[in-house]
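Some terms used for protein structures rest on a cut-off or a count. The questions below ask what lies behind such terms in one model.

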Amino acid sequence: MNQQENFKKFLDPKEALKLYDLDIFTLGKMADSIRKDYFGKKVFFNSNRHINPTNDCADICKFCGFSSHRKNPNAYTMDKEQVLRIAQDSVEAGALEFHIVGAHNPKLNLEWYLDLFATLKKTFPQIHIKALTAAEVNFLSHLSGKSYQEVLTLMAENGVDSMPGGGAEIFDEKIRAFICKGKVDSENWLKIHTIWHSLGKKSNATMLFGHIESREHRINHLLRLYDAQEKSGGFNAFIPLVYQKENNFLNVKNFPSGQEILKTIAIARILLTNIPHIKAYWATLGLNLALLAQEFGADDIDGTIQKEAIQSASGSKSANGITKDELIAQIKDAGFLPVERDSLYNEISQY
């Protein structure tokens, strides 16, 4: 931890912003030194299945190609039997986690989700349920008239084991008003996760970057996550998500270079010394860049996914997931030690 203490000076926003001015090799070396302090050459992954019950959404976020709108007219809503069939198939294919997120659909109320979670937990008690972003919790809170505390407590009581980090986007209200007006604001996103952590539960955190935000916005986002983690301690991992450009309404012309992406991942590792894991999510980065990111502070690559609908709707090549054998082979080929983990980062197997 001594070496990590040396990086605390970058918790000053002006100093943190200067990190972007460093050359890619210097910055990578700084981030890699922290990563090696934590995990050596380990790269973590899990066997998971993404389940998205609906894309029929009350909101229209300008960066989203998943929700049903004129660029994606194929609206759908699953019934519980469909979700259970998917769950059964995914367990037979080796999944140890259900990652359940979707759209803000008023037809699927809080009771619908609670019944689904309870049924899944009863049917598959061995499977970790990671479900509902803070944005979905906020939507269901308003829909049900229940407080965040009540909604989150009911989720925990009905089988939800942890929460994903989606819905954070970028913690700047002017940017949010343009790209995701109507979605949970940054203060309440952080509040929801803090309450969840107070229940003894873990969650992840994300940041969507590479659209219309500035470097200053990214730094502010990271430092607010650092402060939140100091208070609640419940974030397992930080996941920087690269904006996907297809089938949405942002019309971004200038996309971040590979160097800019790697710099952002490295800076996340340098600043977020109190969040254990930095995930290079291959579904938005592509597998090759996600593996390279392990040299720039990341230590996790996510998992097999099996099926992915949200990122792939905007152009990612992640729709059909990846096999565990392929993940292991690619991690080894990159010079790292593949470690299969559970959803809370307990090690299952090293390869």
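Q: How many bridges join E6 to strand E7 (residues 235-242), and do they run parallel or antiparallel?
A: This is a predicted model. In it, 7 bridges join E6 to E7, and the two strands run parallel. Two strands count as paired if there are at least two bridges between them, so E6 and E7, with 7, are a pair.

Q: What makes strand E5 (residues 162-163) and E6 a pair?
A: Strands E5 and E6 are joined by 2 bridges and run parallel. The definition asks for at least two bridges, so E5 and E6 meet it. Met 163 has Ser 203 in E6 as its bridge partner.

Q: Why is strand E6 (residues 202-209) called largely enclosed?
A: Of the 8 residues of E6, 7 are buried, so the strand is largely enclosed by the rest of the structure. Buried here means under 20% relative accessible area.

Q: How do you know that Gln 229 is buried?
A: The relative accessible area of Gln 229 is 5%. The cut-off for buried is under 20%, therefore Gln 229 counts as buried. Gln 229 lies in helix H10 (residues 215-232). Leaving aside residues up to four places away in sequence, Gln 229 touches Gly 234, Phe 235, Asn 274, Ile 275 and Pro 276.

Q: Which residues line the second largest cavity, and how do they divide into nonpolar, polar and charged?
A: The lining consists of Ala 103, His 104, Asn 105, Leu 108, Tyr 113, Leu 132, Glu 136, Phe 139 and Leu 140. These divide into 6 nonpolar, 2 polar and 1 charged. Glu counts as charged, so Glu 136 is the charged one. Helix H6 (residues 134-144) gives the most to this lining, with 3 residues. The cavity has a volume of about 40 Å³, and the structure holds 3 cavities of 30 Å³ or more.

Key. Residues are numbered from 1 along each chain as its sequence is written. This is a predicted model: local features need pLDDT of at least 70, side-chain atom pairs count only at pLDDT 80 or more; totals for chains, interfaces and linings use all residues. Side-chain values use heavy atoms; hydrogens and water are left out. Helices (H or I, at least four residues) and strands (E, at least two) are DSSP runs, numbered from the N terminus. Buried means under 20% relative accessible area, exposed over 50%, partly exposed in between (1.4 Å probe, protein chains only). Contact means heavy atoms within 4.5 Å. On a 1 Å grid over the protein atoms alone, a cavity is a set of points where a 1.4 Å probe fits but cannot get out, and a pocket is an open set with protein on both sides within 12 Å along at least five of seven lines; lining residues have an atom within 4 Å of a point. Grid points are joined across faces, edges and corners, and a volume is the space filled by probe spheres set on the points.
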